[in-house]
Amino acid sequence: MLFSGVSFDLGPGDAAVVTGPNGIGKSSLIRIAAGLLAPFEGAVTCDADTALLTEASALDTDRTLLAALRFWASLDRAPDPEARVAHAVQALDLEALADIPVRLLSTGQRRRAAIARIAASHAPVWLLDEPANGLDTASVTRLEALLDRHRDGGGIALVATHLPMSMPGVQEIGL
Amino acid sequence: MIALIRRDLRRSVSSGGATLVVAFFLLVATLFPFAIGPDAALLARIGGGVIWTAALLAALLPVERLIGPDLEAGVFDQFAVRGLSMTSVAVAKTIAHWLGFGPPLMLAAVIAAGLLNLSADTLLRVEVGLLIGTPGLAALAVVTSALVAGVRGGGAVTGLVMLPLAVPVLIFGAGSLDPASGAGAVKLLAAVSLVLVAGAPFIAAAAVRAALD
């Protein structure tokens with residue numbers, strides 16, 4: 001048993017941050033919220049499309065960054081994948097890397113690419129597992145701005161992190 | 001669905017999948033004349049069976065990279081979050097795997113037939129058999145890949161899981177080469193292949209779901 005008695009409710013514009021020491025089950029909570037893991041007891045209700053960021057970037061390493069992002073964007077429900085990807089690439093300052101194969105990117109660059117996949121999805125619910133891992137300060141600021149804009153547009157974010165991130169009006173879920 | 005098939009097919013081409021399968025297939029087919037001797041009549045008699053055995057062994061090669069790497073890279077997590085059913089992902093993977101391995105193998109069989117001194121008539125039977133049997137092998141490969149994806153040292157288990165299940169394909173495939181009783185074997189080969197293609201995606205999907213949990 002990892003944790004029990006965890007309960008939260010997020011409406012449009014809300015965000016929650018999951019905190020706790022290593023191994024307490026932050027990633028598992030994110031996976032449960034995404035519907036990938038079944039909770040032993042209790043239920044998850046989510047009535048909107050979700051975008052999930054885990055440790056694995058799920059970007060094809062042999063393709064260029066742009067092509068890898070476009071593949072996932074084409075599977076999202078939102079229309080116009082090319083424009084969504086172009087916008088997300090710009091928001092995360094990845095234009096210079098767009099034509100570089102994913103396998104040549106550094107850890108932090110891959111992380112930014114995976115965040116671009118989330119931003120391009122236009123899903124109302126973002127589930128982010130340690131999004132700030134491996135990011136430099138400028139990129140963390142960009143991520144925070146991205147989250148603010150997402151919530152201003154009525155989006156929901158559930159973020160598991162052990163790094164401090166500035167998110168105004170955030171609920172804290174301590175495990 | 002088409003995007004998934006295209007992605008898998010491109011990955012198989014860029015990792016040299018088809019080239020490896022064809023090279024391995026031809027190598028196995030070449031080993032038999034070395035081992036048995038250059039007796040043309042004998043080779044012509046066993047050649048069809050040799051091609052089927054070589055095809056089966058070559059079908060084992062790409063099995064490990066069909067599901068395992070995607071599972072590790074979190075690709076299946078992303079499919080699941082987007083609400084794609086694992087069964088349709090497995091169907092797409094089967095189609096892509098067959099496209100990347102069936103037709104190249106059928107082309108290579110022409111070369112192997114030359115090496116083994118097969119008659120044009122036998123070659124035609126081999127090609128018809130491969131056309132019917134390889135979709136079944138592709139489906140079996142996807143299932144095996146899904147089953148061993150979570151297992152440590154899955155590579156060693158792959159052959160042990162897949163080859164026994166492929167025996168019916170081998171029996172009816174080789175049986176279809178007999179000019180007298182071949183027609184019945186072709187029908188049974190088609191039946192086995194159909195059962196594999198129809199059932200495999202569901203089993204593969206269940207195995208992937210178990211690995212995700």
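**Strands, helices and a chain contact**

Biologist: How do you know that strand β1 (residues 15-19) of chain A pairs with β5(A)?
Modeller: Two strands pair if DSSP finds at least two bridges between them. Here 4 bridges join β1(A) to β5(A). So the pair passes the cut-off of at least two. The two strands run parallel. A:V18 stands opposite A:I173 in β5(A).

Biologist: What should I know about the model and its labels?
Modeller: This is a predicted model: local features need pLDDT of at least 70, side-chain atom pairs count only at pLDDT 80 or more, and totals for chains, interfaces and linings use all residues. Residues are numbered from 1 along each chain as its sequence is written, while chains are lettered from A and ligands numbered from 1 in the order in which they are written.

Biologist: What makes a stretch a strand or a helix?
Modeller: Both are DSSP runs, numbered from the N terminus: helices are H or I over at least four residues, strands are E over at least two.

Biologist: What is the order of the strands in the open sheet of chain A?
Modeller: The 5 strands follow the order β2-β3-β4-β1-β5, with parallel pairing.

Biologist: What makes a strand of this sheet an edge strand?
Modeller: An edge strand pairs on one side only. In chain A the edge strands are β2 (50-53) and β5 (171-174). From one strand to the next, the twist averages 15 degrees.

Biologist: How do you know that β3(A) pairs with β2(A) and with β4(A)?
Modeller: Count the bridges. β2(A) and β3(A) share 4 and run parallel. One bridge partner of that pairing is A:V125, which belongs to A:T50. A:A51 stands opposite A:W126. β3(A) and β4(A) share 5 bridges, again in the parallel sense. There, A:L128 stands opposite A:V159.

Biologist: Why is β3(A) called largely enclosed?
Modeller: Start with the term. A residue is buried if 20 or more other C-beta atoms lie within 10 Å of its own, exposed if 12 or fewer, and partly exposed in between; the C-beta atoms are placed from the backbone. In β3(A), 5 of the 5 residues are buried, so the rest of the structure largely encloses the strand. A:V125, A:L127 and A:D129 point one way, and A:W126 and A:L128 the other. In β2(A), A:T50 and A:L52 point one way and A:A51 and A:L53 the other, and all are buried.

Biologist: Why is B:A141 called buried, and why is B:R45 called partly exposed?
Modeller: B:A141 has 30 other C-beta atoms within 10 Å, so it is buried. B:R45 has 15, so it is partly exposed. B:A141 is found in helix α7 (residues 120-148) of chain B, and B:R45 lies in helix α3 of chain B.

Biologist: What does B:A141 touch?
Modeller: Two residues are in contact if their C-beta atoms, placed from the backbone, lie within 7 Å. Not counting residues up to four places away in sequence, B:A141 touches B:A59, B:P62, B:V63, B:L66, B:H97 and B:M162.

Biologist: How do you know that the span of helix α8 (residues 154-175) of chain B agrees with its length in residues?
Modeller: The expected span is 1.5 Å times one less than the number of residues. The 22 residues of α8(B) should span 32 Å, and the end C-alpha atoms are 32 Å apart, which agrees.

Biologist: Which helices do the buried residues of α8(B) pack against?
Modeller: They pack against α3 (40-60), α4 (64-72), α7 and α9 (182-212) of chain B. Among the buried residues are B:T158, B:M162 and B:F172.

Biologist: How many residues of each chain are in contact with the other chain?
Modeller: 14 residues of chain B are in contact with 16 residues of chain A. On the side of chain B that touches chain A, α5(B) gives the most, with 5 residues.

Note on methods: Axes fitted to C-alpha atoms, helices over the stretch in contact; angles between N-to-C directions.
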